[in-house]
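Biologist: I would like to learn how to read helix contacts and a few other features. Can you take me through them?

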Amino acid sequence: MIPAEFDYVAPASLDDALKALADGGEDAKVLAGGHSLIPLMKLRMAAPSLIVDLRQLGELKAVSEDNGTIRLGALVTHHTVATGGFGLVSAAAATIADQQVRNMGTIGGTLAHGDPASDMPAVLLAYEGSVLIRGSGGEREVAAADLFEDFLTTAVGEGEILTEVRFPKLDGYGYGYEKFNRRQEDWAMVAVSALVKKGADGTAEDVRIGLTHMGSVPLRATAAEDALRGKPLNAESIAAAAELAAEGTEPPADLNASQDYKRHLARVLTRRALTTAAS
Amino acid sequence: MSATAAEPWIGRPLKRKEDPRLIMGRARYIDDINAVGQLWAAFVRSPEAHARIASIDTSEAKAFPGVHAVFTGNDLDLEAPLPMAWVPPGVEVKNPPHWSLAKDEVHHVGDPVALVIGSDRYAVVDAAQLVSVEYDPLPVVVDLEKAYEGGDLVHADLGTNQCHEWSLGGGDLDAGFAAADVVVERRIVNHRTAGAAIEPRGVLADYRAGSLTLTSSTQVPHFLRLFLALQLGISEDRIRAIAPEVGGGFGSKLQIYGEEIALAWASRKLERPIKWVESRTEGMLATHHGRDQIAYTKIGATRDGKITAYHTKILQDLGAYLMLLTPTIPSLGAFVMSGVYDIPAVQTDIVGVFTNKMPTDAIRGAGRPEATHQIELMIDQLADELGMDRLELRRKNFMRPESFPHETAIGVVYDSGDYPKALDTLLELADLDAIKAAAPAGKLRGIGYSTYTEICGLAPSRVTGPSGFGLQTGLWESAMVRVHITGAVTVYTGTSPHGQGLETTMAQIVAQRLGCDPQNVEVIHGDTGTGPQGLGTYGSRSTAVGGESVARATAKIVDKARQIVAHQLEAAVDDVELSGDKFSVKGSPDKGMTIGEISMAAYIPENLPEGMEPGLEELAFYDPENFVFPFGAHGCVVEVDPDTGNVDVVKYAAVDDCGPAINPKIIDGQVHGGIVHAIGQALFERIHYDDEGQLVTSNFADYALPSAADVPSFDLDRTETPSPVNSLGVKGIGEAGTIAASPAITNAVLDALRPLGVTFINMPLGPQRVWEAIQEAKA
């Protein structure tokens, strides 16, 4: 497992990192933990000519709360997220791979990588969160719905660095995270993120459902959300909504899970995640 | 510390002597060993499952900076193709030539076609990508049953995909089935798996001044030396084969690999040391696989549950070539096809079939897990058909404890056993019924049992040798015990342990007999340059055969020690015995000599008996009279989520009998690992090739080994039924858990699914397969 030759820099500032990326051109790649990139390089499925390692950028490791928004620097590790008390975000982060990966892998890295089988993209989507992206031309905020463009393709462009992740706190929402995999450490075969705001009258004031690994990008189960929004929250209404969870999806099949099976799992897991979120 | 009569060394759960160096990173594996002036090697491997090699252009690779040489199949002027050790009398085994580097045709993805040698590890991998090979694709044969039927051929010049037919039977099968009131037939698939040792393979070949030293992560350094001599035409005395610390093998390193031969050849050619360490992807592609059988089984019984006949036809997927033991694997299972049951007529018919895949060969259990899986599934299926309790049916057909040594219908003599006792002990160990009854709402729980035996302690050479089973080797083992002048002891064993704790087990055997501390008994293994000729570690032989040879060499030391003591203390030899840490005269325990005092006398020979040679060092070769037959009873509870098909193992309890325990802690560890290995196969692990013969499961993300998080804690117990075959009374334990566990898991899943109407299922029991079985039963 020997990668192709590459150059490596670990700049001391974000500006230096952006400059290194710009100088490196299209074959330069950002390293923010490396638990996705390095395996791909060892398999020679990725062969960047330059690695720009962000490890020295302390400014990307900050965690703060600002006006109802949780702001996580791109280099905040999954372990920090998992133990940070951020509701569904933490619950999902706690299921990522194993402890060693959670100690090294970062939230910015996983979102910029955009693997639809990884946990964080659909969570961000369900929260309707956003990310900050810096490039030579300045900084822009990109909503979750616009971040994931295709399989392993995100709005983070050439020469840009994802610097921060923003989640609304969503006070008053219950949540449920259901991840189905063969082994504890595996990527999700299918995972479902559910956020439910229960009104005073017991109806569902708001419903958000994120689907992991049900397409080439993370998805919202909008048909199921619409079916439940405004309805009384009970076993029957949840079951009826969950039946719609896989509507319109074309999940990627593999050796262990056919499309039909994944659609079935999405319905079962949505029912379970909603039940937890509504309880 | 010293042993006393009340506290013998044998039977004590000592921590493993070898562990401190392993745990603290002080051990030296092949990746840690380098030679001055060493070059590195990389192999170019076929991306095609079956193709003619139209051309190979190595010019660009040769011109790559740092590259010293690039060799292809026709460059290697070897004396013979890679070895296959089985020539069964009266059976034709078609053996297509298998070279270290393919010559004209590739037969599986990963088949090596070129060898790149250069000055650093990175350059050779880069240069290997520059070797340009033009392939003319040929039809690809993947499906075992279709390959058996005919059609496209893996080796066109053989005219068939069928390699060989081999049968073993005894008793009147027709009469047995005629006497049956009920006959059950099933098609049982035992899918392909990988050994997946944590340490990949690696080789360092160092040819200099006319001699070759080959260091390899192998289970069989002595075989390796022999075959290096035969392949390269180098005299055996000029070859030293070393197995350094080896990080697991599970049978996958019981092999003579083309990489070992090719590196030795190239080292001689270039007169430079050359090293190669496989990547995990290479390991999945080109380290031999295991299992991969389809068995068509048929069992007959009377209405009251007496089994009258058992017939199995097995198709074995051999892969593309025959490696060292490839075609023998299902035959090893045939020796115990009827398991622990007294069945009057038993027949196994095996057909080996070529496909365009990596060859299969021995993986932990080698044929016996498959045989056990088949009979234990069939017992449950038969019980269902008869409407009889599964355990009652087992008890009704167990070989009776008083019938041992028990000759089975096929003429194999089981050495000793008490199957009802093992089952009773299991039922006392865990209340599986109560655990099943405690299923949470919405979940289904089921209980599965497996009452098993296995055949191990390979092997009585007269049974397995050229005129018997047909292996072109003996299967004895050797040991040399050297008591140093201070009384410290060095043991040289011909076995080649690689993680089983044998340094501790063997030290306990010696310490027990010499009255010394096992910490002062060093066990040296895995080096043809230091110890006597040996045969390696596999087939749960290292204690039953290797340990017995240690015991026998030690017995010779004891004989000489007693003579020295008798002479020095002026007593009769017959009156000298070991008591505590001293060889003393019966009736006067104060009067005696420790092994250190005896060895001092032996090496400073001022006062030895007349004519006695000085020194205290003995050699023993031991060829067993029979195999040994460990056995036991395993039971588990699984929980199935009927909505998703997910299976969790909630409880696993096992009672194993490997004779008197030498080190119970090591035995428990072997059982733990063995059970996990089989749970892995039953629920997670699967080597899968697609229709084009591409390996889909080429890394540990896709080839799902279970981790500690995926299996429960185990409840273990033992019974101890001594074997009459060796003086220690011991049987093997390294493979037992793996042999026993897959049917227990599968039977438990079927028990859980019975209320839903699912009556049969084949491994691997991944969630989609279980869910689909539920859907089919509903339909």
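Modeller: In α10(A), the residues A:Ile238, A:Ala239 and A:Ala242 meet A:Arg267, A:Thr270, A:Arg271, A:Leu274, A:Thr275 and A:Ala278 of α11(A). Contact means heavy atoms within 4.5 Å. Helices (H or I, at least four residues) and strands (E, at least two) are DSSP runs, numbered from the N terminus. This is a predicted model: local features need pLDDT of at least 70, side-chain atom pairs count only at pLDDT 80 or more, and totals for chains, interfaces and linings use all residues. Residues are numbered from 1 along each chain as its sequence is written, chains are lettered from A and ligands numbered from 1 in the order in which they are written, and side-chain values use heavy atoms, with hydrogens and water left out.

Biologist: How do the residues of the contact of α10(A) with α11(A) divide into nonpolar, polar and charged?

Modeller: Ala, Val, Leu, Ile, Met, Phe, Trp, Tyr, Cys and Pro count as nonpolar, Asp, Glu, Lys and Arg as charged, and the others, Gly among them, as polar. The contact of α10(A) with α11(A) has 5 nonpolar, 2 polar and 2 charged residues.

Biologist: At what angle do the axes of α10 (residues 235–242) and α11 (residues 259–278) of chain A cross?

Modeller: Axes are lines fitted to C-alpha atoms, for helices over the stretch in contact, and angles run from 0 to 180 degrees between N-to-C directions. Here the axes cross at roughly 145° and come within 8 Å.

Biologist: In which hand does α10(A) pass α11(A)?

Modeller: A crossing is left-handed if the near helix is turned anticlockwise from the far one by less than a right angle, and right-handed if clockwise. α10(A) passes α11(A) in a right-handed crossing.

Biologist: Now chain B. How far apart are the axes of α18 (residues 664–684) and α19 (residues 736–753) of chain B?

Modeller: They are 7 Å apart, and the helices pack at an angle of about 40°. That makes α18(B) oblique to α19(B). Angles under 35 degrees count as roughly parallel, over 145 as roughly antiparallel, 65 to 115 as roughly perpendicular and the rest as oblique. The crossing of α18(B) with α19(B) is right-handed. Its contact residues are 8 nonpolar, 5 polar and no charged.

Biologist: And how do the axes of α10 (residues 368–386) of chain B and α11(B) cross?

Modeller: They cross at roughly 115° and come within 9 Å. The two helices, α10(B) and α11(B), are therefore roughly perpendicular to each other. In this contact, 5 residues are nonpolar, none is polar and 4 are charged. Among the residues that meet are B:Glu376 and B:Asp380 in α10(B), with B:Arg390 and B:Arg394 in α11(B).

Biologist: Which residues does a cis peptide bond join, with omega of about -5°?

Modeller: B:Phe404 and B:Pro405. B:Pro405 sits in the loop between α11 (390–397) and β16 (406–407) of chain B. Another cis peptide bond joins B:Leu458 and B:Ala459, with omega about -10°. B:Ala459 is in the loop between β18 (444–453) and α14 (461–464) of chain B.

Biologist: What phi does B:Arg291 have?

Modeller: A positive one, about 60°, although B:Arg291 is not a glycine. The residue lies in strand β13 (residues 289–301) of chain B.

Biologist: Last, why does the radius of gyration of chain A agree with a compact globule?

Modeller: The radius of gyration is taken over C-alpha atoms; the globule rule is 2.2 Å times the number of residues to the power 0.38. With 279 residues, the rule gives a radius near 19 Å, and chain A has 19 Å. Chain A holds 11 helices and 14 strands.
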